[in-house]
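The sequence and structure are shown first.

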Amino acid sequence: MTLRRKITTTTATVAALFLALLLWGCDNTTPSGSATGAGSAADPTAPVRVGGLATRPATSATIYLYRPGDDLRGPPFTRIGPLGDDGKFAIDLPPGDYVFVLRERRDGEESGPVREGDLKSDPLQVTVAAGEPLDLRIDAFIKSGNEKETFGPTTQMTTIVTGTITDAEGNPLEGLRAHAYDHVQMSERPKFVSARTGPDGVYTFQLPEGGTYYLCARDKYGGPPKVGDLYGRYDKGSVEPSGVIISDGETLENVDIVVHTVW
């Protein structure tokens, strides 16, 4: 009887100790999703949700995001869109400063000058802080007036280059632009861009000053030519592009450019 009592007592003691340890473990368990220790602070580089509403939205409107100091005519940091009819948008961005610009070009292109009748907004600069979602409103309006097509200063535009953009058979092409560069590599942003050609294929540059310019013509604006694009350089039949040399106040005519389909 004494041995059986000792065994029973020992078993009860072990069970009580196990229950106490189990209860202690439940009371000290870290809740799911909570952080402990030195790494509990939120990641300061984690993306932040930025959303909002664009007024006067359209199904093909796009919001372009730039960094402060960027050329707003150039390639964006990223883009949102095309937007839906409700004008709502959302994007996850790393903390930092951004400039939001909404544009909708009636010709459907993703880049190039914004013309009369196109939809646009004024630049909106915002600061995205770590862990602080933003709700923005972007007001767009229809551009009214189109004083110039050429990029650059508009004063004393008395230096003129004009010509015709054609295909290889000499047929004038409508809807293309001529681009003028100030370096032979023609690898950076064009210094000037003409208006689109009409049915006669004629383009015109009004330049602020004389100099040496290198010209090309294409049906798209921005980035290198892609397969299927129309593209050609003014080259006078040579392999390398030919420079167009013009003096202040001079007018050069018949500076014709032949384009081909890129394959």
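## An aspartate and its partner

At 43% relative accessibility, Asp-92 counts as partly exposed; this class lies between buried, which means under 20% relative accessible area, and exposed, which means over 50% (1.4 Å probe, protein chains only). The side chain of Asp-92 meets that of Arg-49 in a salt bridge, with 2.6 Å from N to O. The term salt bridge requires a side-chain nitrogen of Lys or Arg within 4 Å of a carboxyl oxygen of Asp or Glu. Arg-49 belongs to strand S1 (residues 48–55) and Asp-92 to strand S4 (residues 88–93), so the pair ties together parts that are 43 residues apart in sequence. Arg-49 is likewise partly exposed, its relative accessible area being 45%.

## Basis of the model

The model is predicted: local features need pLDDT of at least 70, side-chain atom pairs count only at pLDDT 80 or more, and totals for chains, interfaces and linings use all residues. Residues are numbered from 1 along each chain as its sequence is written, and side-chain values use heavy atoms, with hydrogens and water left out.

## Overall architecture

The protein has 18 strands and one helix. Both kinds of element are DSSP runs numbered from the N terminus, with at least four residues for helices (H or I) and at least two for strands (E). Of the 263 residues in the protein, 34% are buried.

Where contacts (heavy atoms within 4.5 Å) join residues at least 6 apart in sequence, 68% of them are between residues at least 24 apart.

Side chains of opposite charge can pair when their charged atoms come close. The structure holds three salt bridges. In one of them, the side chains of Arg-137 and Asp-139 meet at 2.8 Å, N to O. Arg-137 is exposed, with a relative accessible area of 56%, whereas Asp-139 is partly exposed at 43%.

Another salt bridge joins the side chains of Lys-220 and Asp-229, at 3.5 Å from N to O. Lys-220 counts as partly exposed, with 37% relative accessibility. Asp-229, by contrast, counts as buried at 7%.

## Aromatic pairs

A search of the whole structure finds three aromatic pairs. Rings of Phe, Tyr and Trp (its six-membered ring) pair if their centres lie within 6.5 Å; planes under 30 degrees apart count as stacked, over 60 as edge-to-face and the rest as tilted. Phe-192 and Tyr-213 form an edge-to-face pair, with 6.2 Å centre to centre and 65° between the planes. This pair links distant parts of the chain, 21 residues apart: Phe-192 is in strand S11 (residues 192–193) and Tyr-213 in strand S13 (residues 211–218). Phe-192 is buried at 2% relative accessibility, and Tyr-213 is buried with a relative accessible area of 5%.

Tyr-203 and Phe-205 also form an edge-to-face aromatic pair, with 5.6 Å centre to centre and 70° between the planes. Both Tyr-203 and Phe-205 are buried.

## Charges over rings

A charge sits over a ring if NZ of Lys or CZ of Arg is within 6 Å of the ring centre and within 35 degrees of the ring normal. The charged end of Arg-67 is placed in this way over the ring of Phe-77, 4.6 Å from its centre. Likewise, the charged end of Arg-103 sits over the ring of Tyr-64, 5.1 Å from its centre.
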